[in-house]
Amino acid sequence: FAVVFAHELGHSMDMTLTELCDRMDRTMDEWDQRQIALQIEENAWNNAIPWIQDIDPDFIQVIVDQSLAAYREEPAPEIA
């Protein structure tokens, strides 16, 4: 719970969040949208890490990797 909560607080501390969201809203390119979304999530994790130093780093890494996996995956091709 503390790890995920720290991540959510990390979003609130992201000084670039508004600009990134605006960029995501302006682009119609799916790849660009996915890259911006990944940046938003990575920023939140980077902001969160200092607040959870007392938690096992291996445990944190599993959560971070799982939470970012969907953003790092290549989208499946659309079937006509």
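**Before I start.** Axes are lines fitted to C-alpha atoms, and the angles between their N-to-C directions run from 0 to 180 degrees. I kept in mind that this is a predicted model. I also reminded myself that two packed helices are described by the angle between their axes and the distance between the axes.

**Entry 1: helix 2 and helix 3.** I looked up how helix 2, residues 17-26, sits against helix 3, residues 30-48. Their axes are 9 Å apart, and the packing angle is about 165 degrees. Angles over 145 degrees count as roughly antiparallel, so helix 2 and helix 3 are roughly antiparallel to each other. I noted a left-handed crossing where helix 2 passes helix 3.

Next I asked myself which residues make the contact. On helix 2 I found Leu17, Leu20, Cys21, Arg23 and Met24. On helix 3 the partners are Gln33, Ile36, Ala37, Gln39, Ile40 and Asn43. Sorted by class, this contact has seven nonpolar, three polar and one charged residues.

**Entry 2: helix 1 and helix 3.** Then I turned to helix 1, residues 2-12, whose axis comes within 7 Å of the axis of helix 3. The two cross at roughly 115 degrees, which makes helix 1 roughly perpendicular to helix 3. Is this crossing left-handed or right-handed? I wrote down right-handed.

From helix 1, the contact uses Val3, Ala6, His7, Gly10 and His11. From helix 3, I listed Ile40, Glu41, Ala44, Trp45, Asn47 and Ala48. I counted up the classes here too: six nonpolar, four polar and one charged.

**Last jotting.** Ile40 of helix 3 turned up in my list for helix 2 and again in my list for helix 1.

Technical notes
Residues numbered from 1 in each chain as written. Predicted model: local features only at pLDDT ≥ 70, side-chain atom pairs only at ≥ 80, totals over all residues. Heavy atoms only, no water. Helix = DSSP H or I, 4+ residues; strand = E, 2+ residues; numbered from the N terminus. Parallel < 35°, antiparallel > 145°, perpendicular 65-115°, else oblique. Left-handed = near helix turned anticlockwise from the far one by under 90°. Contact = heavy atoms within 4.5 Å. Nonpolar A, V, L, I, M, F, W, Y, C, P; charged D, E, K, R; others polar.
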